[in-house]
Amino acid sequence: MSVDKLLKDQQQMEEGKKLLDNMEKSETGNRSSTPSKHVSASNKTKGAEITFWLFMLFVASVLMTVGNKYVMKQWDYANTMTLLQNGTAVIYLLFGYRCGFLEMKAFTWQQWRIFLVSAFFLAMQILTSLKALPLVAIATVVAFRNMCTVVIAIVDYFFFGTKFSLRQILALGITTIGMVIYASRDVNFDFMGYMWLVGNSLATILNTFWNKVFITKYTRELKIQTSYGVSLIQQVETLPIVLFLAVANNEGSSMGDIMPLPFVTKIMLAATCAGGVLIGIAYPKCYSLLSGTSVVVASTANKAVSILMGMYLFGTVLNAIQIFGLLVCIAGSLWYALEGKRK
């Protein structure tokens, strides 16, 4: 065999080796790029889902504050409105249960008896809020709800032995100071409005602790009922309560008085019924997609937007001291919530 032939064969072998190396690199690149493309697509999908549910939470939050106030200022039937909203929630829960996408366990008489108390508190929460909204600024409602957090924490400490960090205590103190500043200079003060909010706060606090004892026991410890099942029991049991109150307050003409309402008000009334269902879906969904801290921040932002929308739609005027007190109150409440998530 000649030297030229040997050199030629060697050259061909080297070229073949280079070709194989290039093919392997190409395949490796394809394999490595495919997962990155999948990850990128997955991240985009999750990002879109997060954006959608945060927007749904925003819509529901605004509807249940601004929407309720808008309707109640023109159609003052709080009991009938509660009946419509809770009735819509019951229809949704039953539909979800029958279709199999909402899990519920077997219902017992003991469950209905235990949650009757909670249903009463829930009905009072909704009714007092609806009665207060036409009389006070949305900012006042937000400030009162933040103060409920302070009272609940105090009761938690003295009666349930809950321990709080120094930062949480400071946050609660800031919330209280902000509320005092806001209330002391409330140019929209209405005595009956404040009384309704005091009743709302009392119902909220009592319901919180009743649920803390019994809902936690039934859904987390004993696991004999799901959160959807408990919600259905509570919503169903509110219906006869608010129906009785509607009759007692002569709201028989309420349905007839819907017809003369402006079209926008009718749409808003229907939207608030859907909003009650939506907020119950959006909160758990957001918590499943985001950290608790992110949801708390989003919820606080929704309150701020509701206040601004209320000022624009209803011509609410807040003086500089009120705005400062409200910001302090919201900041303290947000800080407390964030510290609680870090524990």
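This is a predicted model: local features need pLDDT of at least 70, side-chain atom pairs count only at pLDDT 80 or more; totals for chains, interfaces and linings use all residues.
**View 1. Asp 76 and Lys 131 form a salt bridge.** A salt bridge is a side-chain nitrogen of Lys or Arg within 4 Å of a carboxyl oxygen of Asp or Glu; by this rule the model has 3 salt bridges. Here the N to O distance is 3.8 Å. Asp 76 lies in the loop between α1 (3-72) and α2 (78-99) and Lys 131 in helix α3 (residues 109-132), so the pair ties together parts that are 55 residues apart in sequence. Helices are DSSP runs (H or I, at least four residues), numbered from the N terminus.

**View 2. Asp 156 is joined to Lys 212 by a salt bridge.** The closest N and O atoms are 2.4 Å apart. The pair links helix α4 (residues 138-160) with helix α6 (residues 191-221), 56 residues apart. Asp 156 is buried, at 11% relative accessible area, whereas Lys 212 is partly exposed, at 34%. Buried means under 20% relative accessible area, exposed over 50%, and partly exposed in between (1.4 Å probe, protein chains only).

**View 3. Arg 167 and Glu 339 form a salt bridge.** Their closest N and O atoms are 3.9 Å apart. Arg 167 lies in helix α5 (residues 166-184) and Glu 339 in helix α10, so parts 172 residues apart in sequence are tied together. Arg 167 is partly exposed, at 48%, whereas Glu 339 is buried, at 7%.

**Notes.** Residues are numbered from 1 along each chain as its sequence is written. Local features need pLDDT of at least 70, side-chain atom pairs count only at pLDDT 80 or more, totals for chains, interfaces and linings use all residues, and side-chain values use heavy atoms, leaving out hydrogens and water.

Key. Helices (H or I, at least four residues) and strands (E, at least two) are DSSP runs, numbered from the N terminus.
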